[in-house]
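Please read the sequence and structure below together with this briefing. The points that follow are grouped by topic.

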Amino acid sequence: MNTLQAISPIDGRYRNKVENLAGYFSEQALIRYRVMVEIEYFIALCDLPLPQLSNFDKNNYPKLRDIYLNFSENNAMEIKDIEKTTNHDVKAVEYFIKRRFDELQLKEYKEFIHFGLTSQDINNTSMPIMLKNCHEEVLMPAIEHLTQMLDSKAEEWKDIPMLAHTHGQPASPTTLGKEFKVFAYRLRQQMNHFATIPFNAKFGGATGNLNAHYVAYPDIDWEAFANNFVSSHLHLQRLQYTTQIENYDNMAAYFDNCKRINVILIDLCRDIWTYISMEYFKQKIKEGEVGSSAMPHKVNPIDFENAEGNLGLANAIFEHLSHKLPISRLQRDLTDSTVSRNIGVPIAHTMIALSSLGKGLGKLILNEQQLYNDLENNWAVVAEAIQTILRSIGYPNPYETLKQLTRTNTKVDAKTISGFVDTLNVDEAVKERIRNISPHNYVGLKLK
């Protein structure tokens with residue numbers, strides 16, 4: 001399919017930014033993960049004392065695993081063709097594997113493919129594995145890379161004083177590096193939360209009680225088998241009590257964690273956008289690029305705007321996923337099926353945003369003169385420092401005194417402050433201490 005014909009911009013305009021996600025969230029990827037679970041389940045059954053499988057040659061295990069390890073687009077198309085008849089996606093996977101068993105002369109064992117299972121035992125193991133693999137191999141490295149970029153900027157600009165703004169008004173100065181460090185710190189805290197959220201799987205038959213397993217082989221400890229299979233073969237944590245489907249509570253927690261990270265990134269986008277509008281930053285110009293179709297002089301902060309838009313889209317979908325998936329009528333309805341197929345969509349929008357943010361950060365050029373000018377034009381912000389020193393020596397009504405000074409003067413500059421200090425009835429050493437304060441050095445704790 002030509003990307004120009006794609007309905008979603010994820011598979012169209014932004015395909016080159018998220019193409020690697022196809023290995024986790026495409027229809028072909030989902031089918032491959034299903035095949036993997038079915039094969040690994042059969043292999044696990046062979047390790048049980050089941051008479052019908054007692055003579056299965058374990059030397060066939062590599063051949064079975066090759067079915068999913070070398071899974072091709074043609075294999076996926078074969079399964080889709082089978083599905084046209086079955087009208088059931090997981091049953092089509094079962095029939096595909098049975099064909100492979102026939103080819104391997106393993107026909108006598110093929111009824112133990114999908115033995116005792118319902119389709120959700122396959123879906124609710126495949127999807128968590130997809131999500132886990134993507135998290136570890138794509139999403140977390142991308143977030144970590146951006147966080148390292150922020151750490152690098154924080155280090156580069158740790159000694160650059162900057163006028164802070166609270167409520168949009170000039171406030172006690174800070175350093176540009178520290179303000180970038182805030183975002184790196186926040187992201188790392190949320191990344192640490194990910195480690196507390198397990199990737200769960202449902203594996204328990206039609207209503208979660210392993211009914212079919214126990215009725216066929218009542219002497220097997222199927223609960224222990226299921227726990228071991230999910231843990232050892234699939235590297236997930238099995239939920240002990242479920243209906244036909246996964247409870248989705250921890251998956252919802254995962255999506256909420258993604259949402260919190262994206263909220264932090266939206267905050268970052270808006271701050272940098274504002275700094276650019278204040279001319280604290282200029283942006284590198286790429287030869288041939290156009291900023292505005294009408295105004296030739298413009299270089300728009302499009303990377304941060306693109307990131308903000310995609311983060312908003314991602315969070316809207318994450319919100320629906322975390323709210324909807326844990327809710328199902330009685331032991332199961334089908335609403336989770338179509339919704340869970342969209343798990344890759346908000347992750348794709350998040351990845352697009354991370355790419356845009358990284359590109360935007362790489363284009364920033366510090367305009368130190370503008371930061372200096374803003375500080376120099378706002379000497380009133382040292383009033384906090386002066387009144388605090390005066391408080392510390394017991395000077396009467398220092399807050400009120402500085403309030404009158406800063407609010408009755410139309411412009412407070414270095415000369416205004418110096419003249420005010422001369423009028424203070426304090427020791428000369430205190431006056432000298434105050435005179436040494438300026439908006440450029442009143443920045444408090446610096447990054448180490």
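Which strands do the buried residues of H15 pack against? They pack against strand S1 (161–166), strand S2 (169–175) and strand S6 (364–366). This is a predicted model, in which local features need pLDDT of at least 70 and side-chain atom pairs count only at pLDDT 80 or more, while totals for chains, interfaces and linings use all residues. Residues are numbered from 1 along each chain as its sequence is written, and side-chain values use heavy atoms, with hydrogens and water left out.

- Helices (H or I, at least four residues) and strands (E, at least two) are DSSP runs, numbered from the N terminus.
- Helix H15 covers residues 368–376, and its buried residues are Gln370, Leu371, Asp374 and Leu375; buried means under 20% relative accessible area, exposed over 50%, and partly exposed in between (1.4 Å probe, protein chains only).
- Seen down the axis of H15, these buried residues fall within an arc of 135°, so they line one face of the helix; the arc is that of the directions from the helix axis to the C-beta atoms.
- An α-helix has 3.6 residues a turn, so residues three or four places apart point the same way.
- Asn378 is in the loop between H15 and helix H16 (383–392), and counts as buried because its relative accessibility is 19%.
- Leaving out residues up to four places away in sequence, Asn378 touches Leu163, Pro170 and Pro439; contact means heavy atoms within 4.5 Å.

**Nonpolar cores**

- The largest nonpolar core has 121 residues, and Val35, Phe42 and Leu45 have the most contacts inside it; such a core is a set of buried Ala, Val, Leu, Ile, Met, Phe, Trp, Tyr and Cys residues joined through side-chain atoms within 4.5 Å.
- Helix H7 (residues 119–156) gives the largest share of this core, 15 residues.
- A second, separate core has 18 residues, including Ile389, Leu402, Ile417 and Leu424.
- Among the residues that Leu45 touches, not counting those up to four places away in sequence, are Phe112, Phe115 and Trp222.

**Pocket and cavity**

- The largest pocket has a volume of about 750 Å³.
- Of the 26 residues that line this pocket, Asp11, Arg15, Phe25, Ser26 and Glu27 are the closest to its centre.
- The largest share of the pocket lining, five residues, comes from H3.
- A search of the whole structure finds one cavity of 30 Å³ or more, and the largest cavity has a volume of about 50 Å³.
- Residues lining the largest cavity include Leu131, Phe199, Glu246 and Tyr254, and helix H11 (residues 249–277) gives the largest share of the lining, three residues.
- On a 1 Å grid over the protein atoms alone, a cavity is a set of points where a 1.4 Å probe fits but cannot get out, and a pocket is an open set with protein on both sides within 12 Å along at least five of seven lines; lining residues have an atom within 4 Å of a point.
- Grid points are joined across faces, edges and corners, and a volume is the space filled by probe spheres set on the points.

**Positive phi**

- Asn87, in the loop between helix H5 (73–86) and helix H6 (89–103), has a positive phi near 55°.
- His167, in the loop between S1 and S2, has a positive phi of about 60° although it is not a glycine.
- At 80% relative accessibility, His167 counts as exposed.
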